[in-house]
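Me: I have a two-part file open and want to learn to read it feature by feature. Can you take me through it?

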Amino acid sequence: MDFFLQLLINGISLGFLYGLAAMGFVMIFKSSRVLNFAHGEILALGAYLFLTLVTWAQLPVIVAFLLSLTGSFIMGFVIERLFLRPLIGEPLIFVIMLTVGLAAMFKGLILLLWGGNLYVYPDFLPGWLSLTLGPVTVPPVYVAAIVIGFVFLGIFGLFFKFSSQGIYMRSVADNQQAAMSLGVHVRRVFALSWAIAALVAGMSGIILGIISGINVHDLSAVGLKVFPVVILGGLDSIGGAIIGALIIGLLETFTGGYISPALRDVVPYICLIFILLVKPYGLFGLVEIERV
Amino acid sequence: MKDNILLQINNISVVYSDVIQVLKGVSLAVSEGRIISLLGSNGAGKTTTLKAVSGLLKPENGEVTDGNIEFDGKPIQNSSPETITRMGIIQVLEGRQPFKYLTIEENLRVGTATRWGKPYKRDMEMIYEYFPVLAKRKKTMAGYCSGGELQMLVMGRALMAHPRLLLLDEPSLGLAPLVVREIFQIIRRINTEQHTTIVLVEQNANMALQIAHYGYVMENGKIVMEGEADDLKENPDVKEFYLGLAASGDQKSFKNVKSYKRRKRWL
């Protein structure tokens, strides 16, 4: 029973992490229909940025954390400005191929700057963050992952539902030409969605780095793990992404714990296929409104 | 009626993808506070003319290659839609393009994109006063509304921007005659109460000429006729081609048209 509970907790916090990573992915897809294959690398860049600020620049953790988030946000803006904007109006497949190229470029850049070794952050999360639930103890980093996941989900939910900017972002996703005819600044919306996506990705990169160390290959692989998550949850639903992420997270830890660690990475994909057979739009994807 | 010219189109040519010429020297003038209607058959270039004004040609790879467009004395040809909408020109696109997954209320809020501080509460009341149907369906996703409601929605959405010049592209498309009448009455009310200048593109020439002050007829990318709406209504050519009446005033019968009979065999 203790083992089960431990797996459950691990699965949930892993799920929240995937959810955070997926949130940024969904945001870009929602506003511009671009599948961002460089998501894992952007996430890794955030983790490395934090590492540099904490270990090399010796900044206090909280300052370093805020600076890396700002840095990721700006990086998102810059990526959109330099690489994506010239391709506005071109077929989507070009843009998607471009993100594949970006992924390779960023990976190379990271290897060049930091090398391929495994780094670890100094231990900075305070001990009081850990939770004891009966027989199981939840390590601080998992608690942090769950809390941050909840907070951001709430912030984004409110942002998209009530703020003007959030509504404009949804309107662009819905009907770009109509949004343009009403004076919505479509390019600014794209830039903002990339920036927010990079920010969230950077944050999940930092938390993943705390859990499993910082290594380009491991971190960028999470970018791929995002695919089953978002397809499961529905490509354009942020809430769906979180649910999908929880399912994948739990599946992973339970197969790892009860069946075999080797199957860990396979079972989510198998499950994905079955769910898609039943619900092709994902669990919470937008069902195309068809007027007849 | 004051005769201050708000929009002046001088001899513009529009080319799509560098090769397809759609407009070949179109000129027209729109006086402030009036309703101008732009008539013509499919493919005459009416929509392209509107898009040239609102800046929506660019995303479709179209360009004004010749001539110029002046709004309030300032040249606006080939400007971006963001700039043009902020000057007060809002186009209501053909075929009702709502944001399907946003509620009616959220759709209306997008209309405030061009305005400072994005105020929406008071304007929303005004829109619901013009279109009471929308008030009842505030929280409904637009994708589930009927055609008439959607046409009112997209017009209301444009009004939220407080436009000085409203470009309406075929508001009667695919709507029941009663709804069409209601919508045209509202267009007239908007014009008189909000002092919004309106350019109305229509296939329904009869309806359009009833509310318009002045009209232009387009064919093959050119303006072929223009005049006060009342004169156009009486013009024998307009009667025959757009109002469906023979020169004598009788209803035209398709029985007399040979080509129609011949075509029928193939159908």
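Me: What pattern does chain A follow, read along the sequence?

Reply: First, the ground rules. This is a predicted model, in which local features need pLDDT of at least 70, side-chain atom pairs count only at pLDDT 80 or more, and totals for chains, interfaces and linings use all residues. Residues are numbered from 1 along each chain as its sequence is written, while chains are lettered from A and ligands numbered from 1 in the order in which they are written. Helices (H or I, at least four residues) and strands (E, at least two) are DSSP runs, numbered from the N terminus. Chain A reads α-α-α-α-β-β-α-α-α-α-α-α-α. That comprises 11 helices and 2 strands.

Me: Why is chain A said to be as compact as a globular protein of its length?

Reply: Compare two values. The radius of gyration is taken over C-alpha atoms, and the globule rule is 2.2 Å times the number of residues to the power 0.38. Chain A has a radius of gyration of 19 Å, close to the 19 Å given by the rule for 292 residues, so it is as compact as a globular protein of that length. Its C-alpha atoms fill a box of roughly 60 × 50 × 35 Å along the principal axes.

Me: How do α2(A) and α3(A) pack?

Reply: Two packed helices are described by the angle between their axes and the distance between the axes. Axes are lines fitted to C-alpha atoms, for helices over the stretch in contact, and angles run from 0 to 180 degrees between N-to-C directions. Here α2 (residues 39–56) and α3 (residues 61–84) of chain A pack at about 145 degrees, with axes 9 Å apart. Contact residues include A:L49 and A:F50 of α2(A) and A:F65 and A:M75 of α3(A). Two residues are in contact if their C-beta atoms, placed from the backbone, lie within 7 Å. By class, this contact has 10 nonpolar, 4 polar and no charged residues. Ala, Val, Leu, Ile, Met, Phe, Trp, Tyr, Cys and Pro count as nonpolar, Asp, Glu, Lys and Arg as charged, and the others, Gly among them, as polar.

Me: In what order do the 6 strands of the open sheet in chain B lie?

Reply: Strands of a sheet pair through backbone hydrogen bonds, either parallel or antiparallel. Two strands pair if DSSP finds at least two bridges between them. The order in chain B is β6-β7-β8-β3-β9-β10, with mixed pairing. Its edge strands, β6 and β10 (222–228), each pair on one side only. Inside the sheet, β3 (residues 35–40) and β8 (residues 197–202) run parallel over 5 bridges. There, B:S37 has B:L200 as its bridge partner.

Me: How many bridges join β1(B) to β2(B)?

Reply: The antiparallel strands β1 (residues 5–16) and β2 (residues 20–31) of chain B share 9 bridges. The hairpin has 3 residues between its strands, and B:S17 takes a positive phi near 50 degrees.

Me: Last, how many residues of chain B are in contact with chain A?

Reply: 26 residues of chain B touch 19 of chain A. α2(B) gives the largest share of chain B's side, 4 residues. That side has 12 nonpolar, 7 polar and 7 charged residues.
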